[in-house]
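Biologist: I am new to this structure and would like to learn how to read it. Could you walk me through some features?

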Amino acid sequence: MFRFSASLRATTALALAAMLSACAPSSYLIKSPSPTNLSGKSANAATVTLNLVDERKGAERDFSTGTLPAALRTEAGPLQPAAFLGEHLQTELASRGLPVKVSAGSGEPGLYLQTFRVLNHRSNGFSPFVTFTYLSANVDTPAGKKRVAAFVKRAKVPVWSFDEVIEPTFNQPLSLAIKELASKIAAQAYGWRASDAQLATLLQKLDVARLEGDAYLDVYALGFSNHPGAVDRMVQLTQHADEYVRLAAISSLGTLGAKSQFDLLKRVYERRENIWQDRAMAIKALGDLDTAESRAYLASAIKRWEAAGSDKESLWTSQVIRLFL
């Protein structure tokens, strides 16, 4: 009986692995992000070179990992994370009128890359293909080195082929993570924010009867404005029924540096009835606030998660918090 049970378990495991990997490619072709082209103004518009230093260590250098590991590539060949980030970060900053050249090098001002990776997960052959995109770096600013980070969660159930997952779970999250990092660098290093006219345009795009589909990208765009006039609309959208609209709004409160919303973000994170991704995005946004209160809160949270064990929720949440540590 024992031998039969072991054999059955092995057969079941093999069947599950086959279901998970069925039709999954060994690599994905990633397209270049399109810049936001947001109009605004900065406190410092002088041309400057931002030296990108790749300080990723150990497992952080494994760019694409997870249940269904696959290589990521561009038209030029295998995707080189630091070079990909540098190229598109420069393009995004330029689209906002910031003449910043991002290049591999050393010296100040510098951007010191700590984390840039994509983790995927799939429970079974009928469940969504999920990706978590993590990005963090230290950047030299007039106030000293500052930690800037981004976290994006996306999922898609492939119906006909795995080609369907590339845009929503790879292209869009990588684009959003780079834009979010650019927004924080623009704000902290160059004092950039969108103009009032640009803010009005972004708000108008969200003034519709229903926000669904790719409308969540417009919510992120509003967050990338660095404009305090976006905060009230974001607070409203943290209650939205659409998961990705809601996640974009929660995340954007952090991107906007909305320190007045600490209590709201804390409630979202601590409310156990909320789905995991709401709470994960709230702790990410709390990290963005970078106040003495938020830093102490994250330090306490990581201790609890590390003591909780090795379940998926503990591991995934800890990875989000470590972006800021």
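Modeller: Gladly! Helix H3 (residues 163-190) lies across E1 and E5, running at about 75° to E1. Helices (H or I, at least four residues) and strands (E, at least two) are DSSP runs, numbered from the N terminus. Axes are lines fitted to C-alpha atoms, for helices over the stretch in contact, and angles run from 0 to 180 degrees between N-to-C directions. This is a predicted model, where local features need pLDDT of at least 70 and side-chain atom pairs count only at pLDDT 80 or more, while totals for chains, interfaces and linings use all residues. Residues are numbered from 1 along each chain as its sequence is written, and side-chain values use heavy atoms, without hydrogens and water.

Biologist: What is the strand order in the open sheet?

Modeller: Strands of a sheet pair through backbone hydrogen bonds, either parallel or antiparallel. Here three strands follow the order E1-E5-E6, with mixed pairing; two strands pair if DSSP finds at least two bridges between them. E1 (27-29) and E6 (77-78) are the edge strands, each pairing on one side only.

Biologist: How many bridges join E1 and E5?

Modeller: Three, in the parallel sense, with E5 covering residues 71-74. Tyrosine 28 stands opposite leucine 72 in E5.

Biologist: At what angle do H8 and H9 pack?

Modeller: Helix H8 (residues 262-270) meets helix H9 (residues 276-289) at about 150°, and their axes are 8 Å apart. That makes the two helices roughly antiparallel, a term for angles over 145 degrees.

Terms used
Angles under 35 degrees count as roughly parallel, over 145 as roughly antiparallel, 65 to 115 as roughly perpendicular and the rest as oblique. Contact means heavy atoms within 4.5 Å.
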